[in-house]
Amino acid sequence: MTDPIKLYPAKPEKVYFFATCLVDLFYPDAGMAGIQLLEREGIEVLFPQGQTCCGQPAFSSGFNDQARDVVIPQLELFPGDYPIVVPAGSCGGMMRKHYPELFAGTPWQDKAENLAARTWELTDFLLNVCHIRLEDQGEPVKVAMHTSCSARREMGVAEVGPRLLGQLGQVELVEQARPAECCGFGGTFAVRHPEISEAMVADKTEALVAAGAETVVATDCGCMMNIAGYAEKNRRPLKGQHIVSFLWERTCGHGGEGKA
Amino acid sequence: MSLAPHSQEVRHFHPRVRSALDNPQIRSNFRNAMDGLMSKRQNAFNGWDLESLRDLGAAVRLRALSRLPELLEQLEDNCSRQGIRVHWAETGEQACEIIRDICKARDARTVIKGKSMVSEEMELNHFLEAEGIEALESDLGEYIVQLAKETPSHIIMPAIHKNTAEISELMHDRTGTERSHDVAYLTAAARQQLREKFMKADVGISGVNFAVAQTGTLCLVENEGNGRLTTTVPPCHIAVTGIEKVVEHLEDVTPLLALLTRSATGQHVTTYVNMISGPRKADEFDGPEEVHLVLVDSGRSSIYQDQELMDTLRCIRCGACMNHCPVYTRVGGHAYGTTYPGPIGKILMPHLMGLENTQDLPSASTLCGACGEVCPVRIPIPKLLQRLRKESVDGDSLRPSVVRGHGVKRNWKERLAWNGFRWLFRNPRRYRLFGSLLTRFRWFTPSQVGPWTRYRTSPKPAAKTLHQMMNERTRGGAR
């Protein structure tokens, strides 16, 4: 049936930060930008050193046993009753939507449901829980936004990115053709069906270039890696950046981290 | 017409995909058609509380499915009372035989057909032709596809893969129609050719959109009038449908119809909505003397056994999932090699053909969720795709696989890869060590990583992991 209405919590004193393995290993500056944005909002950020991966790659490939074994230790990492904030719609969607399915009928069901209910996508949390106000410090720039399919459809945050970017006076958000269409990443899809994936990312990249964007800011590093990697390989004039890196850079005057 | 049986086609998914992607005509025909259909759907639901209507549609279908065996019996009783003869077929082949026997009993030589996907599923036309009975498709798209000796590439718009020029050429070749790019001219020519066939046909065969149990009514939705001609002009009408199409009350049809036509073609209502409740009565001037209903199982009752997979049977065959699917839009319907293409095909065909014959389909999705978002009866298509992926590799020891052909994708290489993934990520210390090694030797990571870098550059590991950065911060006495 219809998705349940999201009930945002009051702004908490502390949050847990779940970085995701892709951010941890490849785009840590995006993670750090997210942490700094939260801290600037007066929130203490707890970073459990035991965190690894949300388990999604195995889960979406059908290897539920392996996914479960990866997730089980993670279920213990967030004992306090604080929100868990994730800088990715995709991993956030895994935790919020799929953990309860994965652990239904198992001894971990309650823990999985508890964790799921506390999981928030980072930009959604910044806008709708922290009520962040951004002061743009940067030069005029044209960017396009790519909201990942999981951010859009699983986490329901399609409006959030554009609203955050809308707070930045010098940033022009350009309109692309078919903004809601998938970029073709799809995790292991990109290597199982590389030709279809290429057709999709080619169209996405061309739509972004045609819109006149210099940079595509994305909710998820997976999509960003896909689009920016395609643009680089094919010498298309488009950079990718995680949205929180972009927001931090624009409002702090330093950074530039996270560029692909 | 001679087409390879489905099972042989599907194994060649990848080459079909490649050839579709390399065909600019296919690419643009589908892209343009799907863009048009998406915007028509959106406009058609303007001003509607679509989410509530979808809730209602889903509820109606769920209610019907929850009482399916009982409703089917009720349907049979009520149809029989009104003079519709009801037949049950466990397989597509049995259904073909039943239809053949009805035709033979009437000495029928020619059959005219309205659009029916279930008849495509059971390859009825081939069967009848082998028995010496001519079967002619009367839906314009189906007619074109039949002329071309092809199969439908879309469940609502069977010939959507062809543009006007291709259709003109085809009609010229097969029927001698003068070449023209004027759609109205071509349509009129086809109409003329078909009209004569309607008058001569011994039997009309149609599908069913909704079969109403309580009233024994067969609802048939169409735009060309061919459905009405098929079901009223020939002396005998055979309606054929999957057993899942039953609904409880006549009132249930209202929300489903509102959803179906808008989701499918963006129409508020189709040109024709036929409600058939029996053969011609003594005091009536027209209609067939005989009406038959063939209820086809063909794997559906095995889907019905599983609480989760059962949602597949909610489908009302609107095609919105394929219209919105970024994969279908790129590769078109024929690449799937199955009767039902697109997202619904990916979740339905493995049950009808076995996973062994559809093994590439569940993975051919980014799980973007566009299909689930538009499905008028809220079938959780991405979730079912995920389920079939699990079944393909027998990937869940807590929940045994049940789908025919499960485990077909099991192989030691992939198992080894995911066991490696588990080994690395289930142990935080091991993972952190891996992270620090990866960052230390970041310049040694390969620049070519399989199919990924065929089309993209590969990302470089960072100089420091976030774990390391946060660890240093804590130890450095920062906040």
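1. The sheet in chain A. In this predicted model, four strands of chain A form an open sheet in the order S6-S5-S7-S8, and their pairing is parallel. Strand S6 (171-173) and strand S8 (239-242) of chain A are the edge strands, each pairing on one side only. From one strand to the next, the twist averages 35 degrees. As background for a student, strands of a sheet pair through backbone hydrogen bonds, and the pairing is either parallel or antiparallel.

2. One strand pair in detail. Strand S5 (residues 141-146) of chain A runs parallel to S6(A), and three bridges join them. What is the bridge partner of A:Val143 in S6(A)? The partner is A:Leu173.

3. A helix on the sheet. Helix H13 (residues 243-252) of chain A packs on this sheet, where H13 touches S6, strand S7 (215-218) and S8 of chain A. The direction of H13 makes about 85 degrees with that of S8(A).

4. Overall build of chain A. Chain A has 13 helices and eight strands. Its C-alpha trace spans about 50 × 45 × 35 Å along the principal axes. Why can the chain be described as agreeing with a compact globule? A compact globule of 260 residues would have a radius of gyration near 18 Å, and chain A agrees because its value is 18 Å.

5. Burial and contacts in chain A. Of the 260 residues in chain A, 58% are buried. Among the contacts in chain A with a separation of 6 or more, 75% are between residues 24 or more positions apart.

6. Domains of chain A. The domain assignment gives domain 1 (14-128) and domain 2 (141-252) for chain A. The centres of these two domains, taken over C-alpha atoms, are separated by 22 Å. Domain 1 of chain A puts 27 residues into the contact, and domain 2 of chain A puts in 22 residues. On the domain 1 side, the elements that give two or more residues are H1, H2, H3, helix H5 (89-103) and helix H7 (122-128) of chain A. By class, that side of domain 1 has twelve nonpolar, ten polar and five charged residues.

7. Contact between the chains. How many residues of chain A are in contact with chain B? There are 56 in chain A, in contact with 56 residues of chain B. Several helices of chain A give two or more residues to the side that touches chain B, among them helix H2 (28-40), helix H4 (64-74), helix H11 (194-210) and helix H12 (221-233). The side of chain A that touches chain B has 28 nonpolar, 16 polar and twelve charged residues.

8. Domains of chain B. For chain B, the domain assignment gives domain 1 (50-301) and domain 2 (431-475). The C-alpha centres of domain 1 of chain B and domain 2 of chain B lie 58 Å apart.

9. B:Leu62 lies in helix H4 (residues 50-66) of chain B. Why does B:Leu62 count as partly exposed? B:Leu62 has 17 C-beta neighbours inside 10 Å, whereas a buried residue needs 20 or more and an exposed one has 12 or fewer. B:Leu62 and B:Val247 are 185 residues apart in sequence, and their C-alpha atoms are 9.5 Å apart in space.

Technical notes
Residues are numbered from 1 along each chain as its sequence is written. Chains are lettered from A and ligands numbered from 1 in the order in which they are written. This is a predicted model: local features need pLDDT of at least 70, side-chain atom pairs count only at pLDDT 80 or more; totals for chains, interfaces and linings use all residues. Two residues are in contact if their C-beta atoms, placed from the backbone, lie within 7 Å. Ala, Val, Leu, Ile, Met, Phe, Trp, Tyr, Cys and Pro count as nonpolar, Asp, Glu, Lys and Arg as charged, and the others, Gly among them, as polar. The radius of gyration is taken over C-alpha atoms; the globule rule is 2.2 Å times the number of residues to the power 0.38. Domain bounds come from an automatic or database domain assignment. Two strands pair if DSSP finds at least two bridges between them. Axes are lines fitted to C-alpha atoms, for helices over the stretch in contact, and angles run from 0 to 180 degrees between N-to-C directions.
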